[in-house]
Amino acid sequence: MSADHPAPLDVTIRPAGAADRAQIAALKPSQADVSIERRLRETRSGESVYLVAIDGDRVVGHVFLRLYGNPSDPNAPVIEDLYIHAGFRGRGIGTALLVRCEAIAREGGHPAIQLSVGVQNEGAQRLYTRFGYVATGRPVYIGGVYEGMPERVMDLKKSLDVDTRKGSPSND
Ligand SMILES: CC(C)(COP(=O)(O)OP(=O)(O)OC[C@H]1O[C@@H](n2cnc3c(N)ncnc32)[C@H](O)[C@@H]1OP(=O)(O)O)[C@@H](O)C(=O)NCCC(=O)NCCS
């Protein structure tokens with residue numbers, strides 16, 4: 001196994017709870033406490049899912065899945081803030097969180113899933129492209145502030161293989 005490709009880590013993925021607050025804040029210090037609180041609250045209410053990846057008893061990554069989508073596209077949940085601790089990247093944790101988000105969206109019967117990514121974030125774009133995400137065509141826009149700088153982002157979307165027969169009346 002080369003240093004460039006360390007062994008995949010077998011992390012546990014579960015919804016975040018109040019007890020994870022401090023570790024989440026330490027994982028990504030730029031993150032405002034208010035956003036952590038909102039995400040925990042929306043997870044409790046079932047509006048969204050805030051997932052953490054745990055190695056031992058340490059939070060090493062997280063992702064927030066906004067189940068109610070965007071106002072213009074409410075049926076496609078939004079993946080927000082996929083983030084892995086710098087020392088744990090390249091070991092399959094981001095992939096595992098992405099797979100779990102897609103599974104949750106599929107189980108909820110959502111036909112698609114979406115996210116925005118920094119136009120300069122080529123590493124993350126590679127990951128999403130490999131997963132089948134494609135540009136929506138919306139022009140690049142300022143999606144927020146990343147590391148103190150306005151971040152130009154583009155929107156990506158992926159169709160999910162939802163079984164549309166699920167829940168529909170049987171023709172048998
Ligand atoms: C992008 C990110 C979530 C990927 O998580 P990860 O656990 O490193 O990803 P995995 O190990 O499952 O997959 C590795 C792939 O992630 C991508 N990647 C992006 N940045 C990477 C990094 N610094 N180290 C390793 N892989 C990275 C690459 O596509 C890589 O695949 P490749 O080696 O074949 O090119 C993670 O690198 C991260 O937290 N980056 C900073 C925050 C960020 O950019 N988030 C995305 C916001 S849209």
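This report describes the fold, the nonpolar core and the ligand shell of a predicted model.

Residues are numbered from 1 along each chain as its sequence is written. In this predicted model, local features need pLDDT of at least 70 and side-chain atom pairs count only at pLDDT 80 or more, whereas totals for chains, interfaces and linings use all residues.

The chain holds four helices and eight strands, taken as DSSP runs numbered from the N terminus (helices H or I, at least four residues; strands E, at least two), and their order along the sequence is β-α-α-β-β-β-α-β-α-β-β-β. Of the 172 residues, 27% are buried, that is, have 20 or more other C-beta atoms, placed from the backbone, within 10 Å of their own.

The largest nonpolar core has 34 residues, where such a core is a set of buried Ala, Val, Leu, Ile, Met, Phe, Trp, Tyr and Cys residues joined through C-beta atoms within 7 Å. Helix H3 gives the most to this core, with six residues. Val-63, which is among the core residues with the most contacts inside it, touches Leu-51, Ile-79, Asp-81, Leu-82, Leu-97 and Cys-101, leaving aside residues up to four places away in sequence; contact requires C-beta atoms, placed from the backbone, within 7 Å.

Around the ligand stand 16 residues, each with its C-beta atom, placed from the backbone, within 6 Å of the molecule; the closest are Arg-89, Gly-90, Gly-94, Thr-95 and Gly-123.

Terms used:
Buried ≥ 20, exposed ≤ 12 C-beta atoms within 10 Å, placed from the backbone. Contact = placed C-beta atoms within 7 Å.
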